[in-house]
Amino acid sequence: MDELKKYYLESGISEKVYDYCAKIEEKLKDRYDKIDKIAEYNQIKVQQAMAKCRLAEEHLKGTTGYGYNDSGRDTLEKIYAEVFHTEDALVRQQITCGTHALTIALAGNLRPGDEMLSIAGPVYDTLQGVIGVREEKGSLAEYGITYDQVDLLPDGSWDFDGIKNAIKENTRLIEIQRSKGYDTRPSLSVEAIGEAIKYIREIEAERGYKNKIIIMVDNCYGEFVETIEPSDVGADMVVGSLIKNIGGGMAPIGGYICGTHECIENAAARLITPGIKKEVGASLGVTAQFAQGLFMAPTVTAAALKGAIFAANVYEGLGFKAIPDSNEDRYDIIEAVTLGSPELIEAFCEGIQSAAPVDSYVKPVPWAMPGYDCDVIMAAGAFVSGASIELSADAPIKEPYAVYFQGGLTYPHAKFGIMMSLQKIVDKNSSIW
Ligand SMILES: *Cc1c(COP(=O)(O)O)cnc(C)c1O
């Protein structure tokens, strides 16, 4: 028995699980190679952006108080704009999470009487309350902003006719959510997003609307999965969280919005104040972590992607439904596995948790998490609380009992976590073999 295998067995993995997983991994080498090439491309893209913006040691120190003339913060925002090929960027730790970044982008750019349209079906759970689909105090609906939605067709493609019919004179902003989030629809490729944007621009031109429609992409979980980003195919704004892909596991908090000058100015007016906009916002020393995280993000995203592919193959091989399936191309780092029962979901999450670097001794249990309409179980033993670029799993406790798995700062850790999840499932129900 080789040393590595022996060590896995000492670490709680049974021989059967080990051998099964080793066989699965063996056939994934070519796919892992392709992912590494994308990481290589994006690594150079980030380095080139940092070089072009002349990132310097002095930028990494940070400011306090108002944070006027925070050259590190301003340089990092230039680097983000360079990476996404946009005019401007807002990258701040005062943006507390992804939902917050999206809320600022929406509320900053929409005015009473405007309509927001989602063309990839329902938006992310927490945004439902922001928009006012689910009633909440302070929602966009309370400010007289209406919402409409076009679902993807059953095969996951655009409903072009539906989009054409839904676009109206007062459609001011169209949201496209790149990742499926807590849904079982497929995630969208940047190419597919580009097709929709082209189509929207054609409709606009045909109808001669006075105001250009702002196209905003919820980019959460999508960054660096491909070599291009939605802003490369015409999106006016891309928005995301720094404790997902793009923070590279180093950012302790934060969100970003990259886009046109006007979109960013509007968003900054909402995050800070009209008038002050991007001028204040002390970085408090986090710029070093933001910058280093961005630098790490391409390879961290690659590790997470390999983990997701590994999980899909491991679980599909045992007859569970995996989305994306074992062979599909990937457009985000999320893997959904339908386990079919609360018991198996809990076992899966216990496995992920026990393989964590932090809080490995904790047993995750379902709870009523704010912003969600049912109990949710989360497994995460992360250095940054709740960071889903770190190995983590979450599942809403409702039909079809699918667990959403994501992250892994390194591939060996993602792999070990998935093997541990399978181990716990097997321990609970050996009949799955
Ligand atoms: C995570 C996520 C969000 C919200 O981000 P939070 O940081 O959890 O608020 C929004 N949209 C998508 C697609 C996401 O994956």
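Good morning. The structure before us is a predicted model, in which local features need pLDDT of at least 70 and side-chain atom pairs count only at pLDDT 80 or more, while totals for chains, interfaces and linings use all residues. Residues are numbered from 1 along each chain as its sequence is written, and side-chain values use heavy atoms, with hydrogens and water left out.

Let me begin with the whole protein. Along the principal axes, the C-alpha trace spans about 70 × 50 × 40 Å.

How much of the protein is buried? Of the 433 residues, 58% count as buried, meaning under 20% relative accessible area with a 1.4 Å probe and protein chains only, whereas exposed means over 50% and partly exposed lies in between. As for contacts, defined as heavy atoms within 4.5 Å, consider those between residues at least 6 apart in sequence: 70% of them join residues at least 24 apart.

I turn now to the cysteines. How many disulfides does a search of the whole structure find? The search finds 0, a disulfide being a pair of cysteine sulfur atoms within 2.5 Å. C53 is in no disulfide, and its nearest cysteine sulfur, that of C258, is 11 Å away. C258 is likewise in no disulfide, with the sulfur of C53 as its nearest, at 11 Å. C53 counts as buried because its relative accessibility is 18%; C258 counts as buried at 1%.

Where is S283 found? S283 sits in the loop between helix 9 (261-271) and helix 10 (287-316). Its relative accessibility is 2%, so S283 counts as buried. Leaving aside residues up to four places away in sequence, S283 touches G62, T63, D70, R73 and Q93. S283 and R92 are 191 residues apart in sequence, yet their C-alpha atoms are 7.5 Å apart in space.

Thank you for your attention.

How values were computed
Helix = DSSP H or I, 4+ residues; strand = E, 2+ residues; numbered from the N terminus.
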